[in-house]
Amino acid sequence: MERVYNFSAGPSALPLPVLEEARDQLVNTNGCGMSVMEMSHRSKMFLDIYNEAESLLRQLMDIPNNYKVLFLQGGASTQFAMVPLNLFAKSKKADFANTGVWSKKAISEAKRYGTVNIVASSEDTTFSYIPELDESKFSKDADYFHITLNNTIYGTRFTKLPNTGSVPLITDASSCILSEVYDVNKFGVIYAGAQKNIGPAGLTIVIIREDLIGNAMESTPTMLDYKIHADNDSMYNTPPTFAIYMAMLVFRWLKEMGGLPEMEKRNIEKASLLYDYLDESTLFSGTVVPKDRSLMNVPFLLPSDELNKKFIKEAQDAGLVNLAGHRSVGGMRASIYNPMPFEGVKALVSFMKDFELNNK
Ligand SMILES: *Cc1c(COP(=O)(O)O)cnc(C)c1O
């Protein structure tokens, strides 16, 4: 069977060369006579894979030496709790921008352990924009400031970071990590579930400044203490070995293509193609304020639910799959993460043009 163009929001498409390499190596990885899934996580053969993954990620994101890279489990959702448990070290206060469902989940976990100040929210319009962050509303003594860098469901992203001074900026980058160049120095913690831009589900990456490690609350479960994982090179317990291997192959693929500057350029080209068409179409409309548009998730609507359904069905028959929008926004959403080729977006836009002609 031919592969489809998969616009899934997550887990999402992986680069075909990575899947092919993993297939070729599946029963005998790197000539070790066994699959990576069968290796001890403490064996030299696995440690070589692990070290290559970390070193490639450090190169790709230009991660400074005073940051640790942790390969964890539990998804971004576990970070919603791990961040407050480890960072509520002084005032037990945190500032949040509320830009969607994932922000709200992070907020409700943080509230269990301390005081949350919502600096700004865009809930009034189903999160169709990124609210202005007024510095006079920031808590000077907050232990951290949290933003969701890219809002997967609504298709918005921060293009300007808040100036939080000495308060560490923490970000959920699950749906945009590795999609464009970010200055890691601007953040205290960057965390991301792997299943959007990194690899298969089951792996969570945490990039954390060293001074934020080692301050966990007394009652923090061992497995939720950053220090335990940092001191044990993410091997306090068995890490998700196969997912780390797959992430390593994705990192190699990114490096070979020219790294994040090249990926960013391609992502801008892909997203522009789709947004330009949405702007000129008289049938389709985008749902997001143009200045806050995501490069990764593009929601759009047709004039009626009936047409939305028809579009999703016909697109699927044409090999353009997983285009249904999140239930809170409705309509369609095209997730165009790193592995989605330009040709995939071109095929989608050309299909949309035909649909417009046939349904006026
Ligand atoms: C998908 C997603 C999550 C949830 O991630 P899990 O790994 O399933 O816990 C959280 N935040 C953002 C921004 C996401 O896109």
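Helices (H or I, at least four residues) and strands (E, at least two) are DSSP runs here, numbered from the N terminus. With those labels in hand, some notes on this structure, which is a predicted model.

1. Pro11 sits in the loop between E1 and H1.

2. Ser12 belongs to the loop between strand E1 (5-6) and helix H1 (16-24). Is Ser12 buried or exposed? With a relative accessibility of 12%, Ser12 counts as buried, since the cut-off for buried is under 20%. The Ser12 side chain reaches two backbone oxygens: that of Gln195 at 3.1 Å, and that of Lys196, also at 3.1 Å. Setting aside neighbours within four places in sequence, Ser12 has contacts with Asn6, Gln195, Lys196 and Tyr337. Gln195 and Lys196 turn up again in the next point, as they are among the closest residues to the ligand.

3. **Who surrounds the ligand.** There are 13 residues around the ligand, and the closest are Ser77, Thr152, Asp172, Gln195 and Lys196. Sorted by class, that shell holds 8 polar, 3 nonpolar and 2 charged residues. Which helix gives the most to the shell? That would be helix H3 (residues 75-87), with 4 residues.

4. Thr152 puts a polar side-chain atom 2.4 Å from a ligand oxygen. For Lys196, a polar side-chain atom lies 2.7 Å from an oxygen atom of the ligand. Ala76 takes part through its backbone, with a polar atom 3.1 Å from a ligand oxygen. As for cover, the ligand taken alone exposes 390 Å², and the protein buries 87% of that.

5. Side chains of opposite charge can pair when their charged atoms come close. How many salt bridges does a search of the whole structure find? The count is 18. One of them joins the side chains of Arg58 and Glu54, at 2.9 Å from N to O. Both residues are in helix H2 (residues 44-61), and they are 4 residues apart, so about one helical turn separates them. Asp231 and Lys227 form another salt bridge, with the closest N and O atoms 2.9 Å apart. This pair lies in helix H5 (residues 226-231), again 4 residues apart, or about one turn of the helix. Asp231 counts as exposed at 52% relative accessibility, whereas Lys227 is partly exposed at 38%. There is also a network: salt bridges with shared partners join Glu262, Lys265 and Arg266.

6. **A salt bridge between elements.** Lys104 pairs with Glu123, and the closest N and O atoms are 2.4 Å apart. What does the pair tie together? Lys104 is in helix H4 (residues 101-111) and Glu123 is in the loop between strand E4 (115-121) and strand E5 (144-148), so the bridge ties together parts that are 19 residues apart in sequence.

7. **Met248 and its contacts.** Met248 is part of helix H6 (residues 241-257) and is buried, with a relative accessible area of 1%. Not counting residues up to four places away in sequence, Met248 touches Ile49, Glu52, Ala53 and Leu56. Ala194 is 54 residues from Met248 along the chain, and their C-alpha atoms are separated by 12 Å.

8. **Two positive phi values.** Asp62 has a positive phi of about 55°, and its place is in the loop between H2 and strand E2 (67-72). Ser234 has a positive phi of about 60° and lies in the loop between H5 and H6. Which class does each fall into, buried or exposed? Asp62 counts as exposed at 63% relative accessibility, while Ser234 is buried, with a relative accessible area of 2%.

Key:
Residues are numbered from 1 along each chain as its sequence is written. This is a predicted model: local features need pLDDT of at least 70, side-chain atom pairs count only at pLDDT 80 or more; totals for chains, interfaces and linings use all residues. Side-chain values use heavy atoms; hydrogens and water are left out. A residue is near a molecule or strand if one of its heavy atoms lies within 4 Å of it. A polar contact is a pair of N or O atoms within 3.5 Å; within protein, one must be able to donate a hydrogen and the other to accept it, and residues adjacent in sequence count only if both atoms are side-chain atoms. Accessible areas come from the Shrake-Rupley method with a 1.4 Å probe; for residues, only the protein chains shown count as cover. Ala, Val, Leu, Ile, Met, Phe, Trp, Tyr, Cys and Pro count as nonpolar, Asp, Glu, Lys and Arg as charged, and the others, Gly among them, as polar. A salt bridge is a side-chain nitrogen of Lys or Arg within 4 Å of a carboxyl oxygen of Asp or Glu. Buried means under 20% relative accessible area, exposed over 50%, partly exposed in between (1.4 Å probe, protein chains only). Contact means heavy atoms within 4.5 Å.
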